[in-house]
Amino acid sequence: MSESPDGQVDAHRTVLLRGGTVHSPADPFATAMVVERGSVAWVGSEGAADSFADAADEVVQLDGALVTPAFTDAHVHTTATGLALTGLDLSAARTLAEALDRVRAHAAARPGDRVILGHGWDATRWPERRSPSRTELDEAAGGRPLYLTRVDAHSAVVSSALLDLVPGVTGLPGFHLDGPLVRDAHHAVRRAAHASVTPRQRTDAQRAALRRAASLGIGSLHECAGPDISGEDDLTGLLTLADIEPGPRVLGYWAERITDAKGAERLRDLGAIGAGGDLFVDGSLGSHTASLDEQYADAPHAGVSYLDTAAVAAHVVACTEASLQAGFHAIGDAAVTTVVEGVRAAAQIVGLAPVRAARHRVEHAEMLTPETIAAFAELGLTASVQPAFDAAWGGEDGMYAQRLGRERARTLNPYAALLRAGVALALGSDSPVTPLDPWGTVRAAAFHRTPEHRISVRAAFTAHTRGGWRAVGRDDAGVLVPGAPADYAVWRTGDLVVQAPDERVARWSTDPRSGTPGLPDLTPGGELPVCLRTVVDGHTVYARPNE
């Protein structure tokens, strides 16, 4: 694609893309698209494209490439993602010893950092089957403050020097003398660790994360911020950066309970579009803090609950009355039930129709029952889910099975049941918990480790494009039809197919005569599509070098 002198496609020019495949419900056989003033103006066949060529300011030869709507990642922690990209990432450490070696090397390479920050360790994958001790951390860090979050970001191991910076931490719930910190103790050390990040480091991390997202065909991100995750300056700084520099759109959520219109206005002043994201009802399965109806299989308790039904109801009432979207982080079955009961109680106060119209969200929603799935549909709740969780931790011998036992683990992340019930899905990564990887996310949903939970590639793709826009109340975006925003990505890929989760499901849609638009073959083990260009609102925000 040719560019204007400043390196950006001019949104006020008319651009014709032709000679490829355009994934559009407006024309399942489309090979061309016209973009005008930041919007899709037309999609259609190669023959019809000739009539637009003379009037176009620019004609782009796709050379057989695929054009799709840009992805929306519906759950991201942008600064933490950037810090993992630019700093100490322990997700690839295969042993405890290797993780400690990486800490030593990073500490030696960054002598000026006030606190050594790292992310991504997972003891369930290590042969040692344990987290690093405080003595080991003190040695690896050379006596410096060190903060290392577990892969799920709901617990952390820290050095003695970091504990010294947090007076009273030893008396907080969730403190363990020589093990991962959870709950209030974790939140306290996280605040101290993040306070060490300079404004320059924060901006550099955010910029790195946004650039990575753009390079993967992601056109918009839902930033899930909040007082227990990041500071207000982090959110406002990110929104400002996204506004002034070319890159993905950023839609911000702030996870703070509100009780009245004044609280809602304060969130809007921050730039947040909703009072949700990671407003914690519980924690995570990996850290044993997800709230369960029955005890963990490998721990003598049933997790942690941060909010009760009354608190959920009060928040939903205040948000609904203020025309603000509410949202909750809920993973365990007890936590999901708390959300459902709270939202239903709110609907009895303000009415079911206003609650449904608000499209309140539940993040993660992993442990569902037929009853809670039906309640999601009844209450108009959007399930903001992360299929890569199943790819990472599902299966007969995965972390889920370790924490819950195999029988309960098989019930997790039932995407097919949610879609059958009419529940809206929005797909995301929860990066840096799992990486930004949109096609990998679609693959994980379509090839779920539990076969009955699989959905078609088309359904997963829709949930990762249009679903993210619907989750923020926009029904006119995330799809390439006339009038939609010109947010799209261009891909180099192999043959296009229609993949259903079972040969008995949607058999007609796999027949070429049905006119169902094809998508890349995502069979596990095969190569994923390569992003050649990402365009947001008609502006190029990423172009693959030498393409």
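This is a predicted model: local features need pLDDT of at least 70, side-chain atom pairs count only at pLDDT 80 or more; totals for chains, interfaces and linings use all residues.
An open sheet of eight strands runs through the order β7-β12-β13-β14-β15-β16-β17-β18. Its strands pair in parallel. Strands β7 and β18 (424-427) form the edges, and each of them pairs on one side only. Direction ignored, neighbouring strands of this sheet are turned by 30 degrees against each other on average.

Strand β7 covers residues 71-76. One of the residue pairs places Phe71 with Ile218 of β12.

On to the next pair in the sheet. Strand β12 is joined to β13 (residues 249-254) by six bridges, again in parallel. Here Ser220 stands opposite Arg249 of β13. Helix α8 (residues 232-244) packs on the sheet and touches both β12 and β13. The direction of α8 makes about 160 degrees with that of β13. In a regular strand, side chains alternate between the two faces of the sheet.

Two helices form a further contact. Two packed helices are described by the angle between their axes and the distance between the axes. Helix α2 spans residues 78-86, and helix α7 spans residues 199-215. Their axes come within 7 Å and cross at roughly 90 degrees. Helix α2 is therefore roughly perpendicular to α7. On the α2 side, the contact includes Thr78, Thr79, Thr81, Gly82, Leu83, Leu85 and Thr86. On the α7 side, Arg202, Ala205, Gln206, Ala208, Ala209, Leu210 and Arg212 take part. The residues of this contact divide into six nonpolar, six polar and two charged.

A second open sheet has four strands, in the order β8-β9-β10-β11. Its pairing is mixed. Strands β8 (88-89) and β11 (156-158) stand at the edges. Each has a single partner strand, so one side of each is left without a neighbour in the sheet. Strand β10 (residues 146-150) pairs with β11 in the antiparallel sense, over three bridges. Within this pair, Leu148 stands opposite Val157 of β11.

Helix α6 (residues 183-194) lies across β9, β10 and β11. This helix runs at about 125 degrees to β10. Val189 belongs to α6. The residue is buried, at 0% relative accessible area. Beyond its sequence neighbours up to four places away, Val189 touches Tyr147, Val158, Leu162, Leu163, Val166, Val169 and Leu181. Val166 lies 23 residues from Val189 in sequence, with a C-alpha to C-alpha separation of 6.5 Å.

The loop between β9 (116-121) and α4 (134-140) holds Ser131. Ser131 has 17% relative accessibility and therefore counts as buried, the limit being under 20%. Leaving aside residues up to four places away in sequence, its contacts are Leu96, Trp121, Ala123, Val157 and Pro180. Arg129 lies in the loop between β9 and α4 as well. This residue has a positive phi of about 60 degrees, although it is not a glycine.

Asn413, another residue other than glycine, has a positive phi near 55 degrees. Asn413 is found in the loop between α16 (406-409) and α17 (415-420). With a relative accessible area of 2%, Asn413 is buried. The peptide bond from Ser431 to Pro432 is cis, with omega near 15 degrees. Pro432 sits in the loop between β18 and α18 (438-446).

The cysteines come last. A disulfide is a covalent bond between the sulfur atoms of two cysteines. The structure holds zero disulfides. For Cys224, the closest cysteine sulfur is that of Cys319, at 14 Å. Cys224 counts as buried, at 0% relative accessibility. Cys531 counts as buried too, at 5% relative accessibility.

Definitions and conventions: Residues are numbered from 1 along each chain as its sequence is written. Side-chain values use heavy atoms; hydrogens and water are left out. A disulfide is a pair of cysteine sulfur atoms within 2.5 Å. Buried means under 20% relative accessible area, exposed over 50%, partly exposed in between (1.4 Å probe, protein chains only). Helices (H or I, at least four residues) and strands (E, at least two) are DSSP runs, numbered from the N terminus. Two strands pair if DSSP finds at least two bridges between them. Axes are lines fitted to C-alpha atoms, for helices over the stretch in contact, and angles run from 0 to 180 degrees between N-to-C directions. Angles under 35 degrees count as roughly parallel, over 145 as roughly antiparallel, 65 to 115 as roughly perpendicular and the rest as oblique. Contact means heavy atoms within 4.5 Å. Ala, Val, Leu, Ile, Met, Phe, Trp, Tyr, Cys and Pro count as nonpolar, Asp, Glu, Lys and Arg as charged, and the others, Gly among them, as polar.
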